[in-house]
Amino acid sequence: MNPIDPRFKTIIEPFKLKIVEPIPFTTREERKDLLERAGYNLFNIPAEKVTIDLLTDSGTGAMSVEQWAAMFRGDESYAGASSFYRLEKVVRDLTGFPHFLPVHQGRAAEKLLFQVFGGTGKIIPNNSHFDTTRAHVEFSGAEAVDLLAPESKDTQVSHPFKGNMDLAALADLLAKEHARIPLVCLTITNNSAGGQPVSMANIRGVRALCDQYKKPFFLDGARFAENAYFIQTREPGYADRSVRSIAEEAFRLADGCWISAKKDGLVNIGGLLAFKDDGIYEPLRNLLILQEGFPTYGGLAGRDLEALAVGLMEVTQEDYLRYRAATVQYLGRGFEAAGIPVLKPFGGHAVYVDAKSFLPHIPPQQFPAQAFAVALYLEGAVRSVEIGTLMFGRKDPATGQELPAPRELVRLALPRRVYTQAHVDYCIEVAQILARDKHLIRPLKIVSAAPILRHFTARLAPL
Ligand code: F0G
């Protein structure tokens, strides 16, 4: 519903601009040359050569006037900074957890957490581990198990909560392996499954199973506010509740959480760990001091703590979340109308193009999703990210054949409060050109690649 008047259908940006940053323009010739030099890998393109950068929504948002003002108040004392106590109060009110440790970003929290809970022989279930989460679980020697609900596996099926945990599979795993499971995790929203939300019913279901087996339950709350907004708008019984109170309820069903504040913290750097259990406070605090910093700053400047305290309050403002969801939908619908298949329903932070359906003539071994991402850049200077065989495929050690990933997706993630509707319209126009002329999308081959996390550094060439 339009916040101004129900007669209007345009959801306008709920802010005006005070500082502007010019965006660069390049020619197609220049981009063709840049791509060649970058080995057709968009991670190798300098940001100053990207007109619309939808590589990630992480740390790329614009801070508000209140956040910038709060930064001047940053107390840079090494120990006991007042900025820490201000942020601690905000985190406690939001999550209800008595213990709070600031960290420099999400993966630092994961590193601490899995040094305490992980280890060889252990199993960590999650709806879907984000790749850094999985990497820290595995680095500790434990096994990361994804238990995504079955309805989420079809990109075209419409279901309001395609980020859910498969509760039957979790019950089954706990029944068989409970002795090896030190902790159950749930990622809200589910980034790896398309930014799809998790319902409160599902969070409650995970809670009940954790109670039955006496297991701690942690939320990866990087996008907790977007998740709460989807609960308000999609789950029966929540329409009259504030997003803030829904987020508070979700955290109170868990025993702890970690948050990459670069997303719904509305800051460019930061993260946090918060939890109930007194027993894990000391080991986590001691690792924090060793690896991040003293517990009242945890790898952040006092001014970062201040900006985060404000960001965690602003992010649950409903005008903001309504505009955010509307922007993602607007971009997604534009692509769809152009004839480009996208993951449905639209998630919280990004649109995901289904390159496998769009480009059936390009086999996974020729990287259709990367080919699409490269074409978006070449034709329109728009940067996105491949989530397909380049990222998740691997070479069969026996045959040397490329083993494809289950999906070929291209993620266009929207930085928070950065681009306007005209920027989004422009991206849709670029997509229309690709839809009209698929020959602009050229299959690729790998020229060189690292053995792990190859998508960051691989070099490719057109076939
Ligand atoms: N958990 C989730 C769900 C994430 O999406 C991310 C980061 C992290 C943890 C790690 O946090 O980057 O602060 O260390 N996601 C980014 C992305 C990188 O592009 O989706 P971090």
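**Ground rules.** I am working on a predicted model, where local features need pLDDT of at least 70, side-chain atom pairs count only at pLDDT 80 or more, and totals for chains, interfaces and linings use all residues. I count residues from 1 along each chain as its sequence is written, and side-chain values use heavy atoms, with hydrogens and water left out.

**Backbone.** I noted a positive phi, near 50°, for Phe-367, a residue other than glycine. Phe-367 sits in the loop between α13 (355-358) and α14 (368-380); helices (H or I, at least four residues) and strands (E, at least two) are DSSP runs numbered from the N terminus. I then checked Ala-381, whose phi is also positive, near 60°. Ala-381 is in the loop between α14 and β10 (382-383), and is buried at 1% relative accessibility.

I also looked up two cis peptide bonds. One runs from Ile-188 to Thr-189, with omega near -20°, and Thr-189 belongs to the loop between β5 (184-187) and α7 (200-213). Another joins Lys-344 and Pro-345, with omega about -10°; I placed Pro-345 in the loop between α12 (318-337) and β9 (350-354).

**Ligand.** I found 16 residues around the ligand, with Thr-56, Arg-107, Asp-220, Ser-260 and Lys-263 the closest; a residue counts as near if one of its heavy atoms lies within 4 Å. The shell has one nonpolar, eight polar and seven charged residues, where Ala, Val, Leu, Ile, Met, Phe, Trp, Tyr, Cys and Pro are nonpolar, Asp, Glu, Lys and Arg charged, and the others, Gly among them, polar. Helix α4 (residues 106-117) gives the largest share of this shell, three residues.

Oxygen atoms of the ligand lie 2.7 Å from a side-chain N or O atom of Arg-107, 2.9 Å from a polar side-chain atom of Arg-223 and 2.7 Å from one of Ser-260. The ligand taken alone exposes 470 Å², and the protein buries 93% of that, by the Shrake-Rupley method with a 1.4 Å probe; for residues, only the protein chains shown count as cover.

Definitions and conventions:
A polar contact is a pair of N or O atoms within 3.5 Å; within protein, one must be able to donate a hydrogen and the other to accept it, and residues adjacent in sequence count only if both atoms are side-chain atoms. Buried means under 20% relative accessible area, exposed over 50%, partly exposed in between (1.4 Å probe, protein chains only).
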